[in-house]
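Please look through the sequence and the model first, then read the notes.

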Amino acid sequence: GRIGEEEVKLQQFAQSIKEQITCSFCYEIMSIPVAIQPCNHRFCGGCLTELVNNKKDACIQCRKEITTA
């Protein structure tokens, strides 16, 4: 019924928000979010620093070359 549909929509919305605020490197809620260019994927500032220090020059989500952090 109607309540079930609303609950499904709410769960989908909550999942969407969780995906947007979760770091793709550590899978935790982002701490000091930083977007990389050109893809605009976001990671924790500390995770991005770790990736750069490990000579990763491509986004771990889409493999595009990182041009700016």
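The protein has two helices and two strands, in the order α-β-β-α along the sequence. Helices (H or I, at least four residues) and strands (E, at least two) are DSSP runs, numbered from the N terminus. The model is predicted: local features need pLDDT of at least 70 and side-chain atom pairs count only at pLDDT 80 or more, while totals for chains, interfaces and linings use all residues. Residues are numbered from 1 along each chain as its sequence is written, and side-chain values use heavy atoms, with hydrogens and water left out.

**Overall shape**

- The C-alpha trace spans about 55 × 20 × 15 Å along its principal axes.
- The radius of gyration is 15 Å, whereas a compact globule of 69 residues would have one near 11 Å. The radius is taken over C-alpha atoms, and the globule rule is 2.2 Å times the number of residues to the power 0.38.
- Of the 69 residues, 19% count as buried. Buried means under 20% relative accessible area, exposed over 50%, and partly exposed in between (1.4 Å probe, protein chains only).
- The accessible surface comes to about 5300 Å², and 53% of that belongs to carbon and sulfur atoms. Accessible areas come from the Shrake-Rupley method with a 1.4 Å probe; for residues, only the protein chains shown count as cover.
- Among contacts between residues at least 6 apart in sequence, 26% join residues at least 24 apart. A contact means heavy atoms within 4.5 Å.

- Leu10, Phe13, Ile17, Ile21 and Ile29 form a nonpolar patch on the surface, with about 490 Å² of accessible area together. Patches are made of residues with over 30% relative accessible area and no salt bridge; like charges are joined within 9 Å, and nonpolar side chains (Val, Leu, Ile, Met, Phe, Trp, Tyr) within 5 Å. A salt bridge is a side-chain nitrogen of Lys or Arg within 4 Å of a carboxyl oxygen of Asp or Glu.
- Phe13 lies in helix α1, residues 2-21, and is exposed at 54% relative accessibility.
- Leu10 is also found in α1, and its relative accessible area of 57% makes it exposed.
- Gln15, another residue found in α1, is partly exposed at 40%. Gln15 and Phe25 are 10 residues apart in sequence and 18 Å apart in space, C-alpha to C-alpha.

**Helix α2**

- In helix α2 (residues 45-53), the buried residues are Gly45, Cys47, Leu48 and Leu51. Seen down the axis of α2, they fall within an arc of 160 degrees, so they line one face of the helix. The arc is that of the directions from the helix axis to the C-beta atoms.
- Gly46 and Asn53 are exposed on the other side of α2.
- The cover over the buried residues of α2 includes β1 (33-35) and β2 (42-44).

**Backbone details**

- Gln37 and Pro38 are joined by a cis peptide bond, with omega about 15 degrees. Pro38 is found in the loop between β1 and β2.
- Asn40 lies in the loop between β1 and β2. Asn40 is not a glycine, yet its phi is positive, about 70 degrees; at 39% relative accessibility it counts as partly exposed.
- Lys55, in the segment after α2, has a positive phi of about 65 degrees although it is not a glycine. Lys55 is exposed, with a relative accessible area of 69%.
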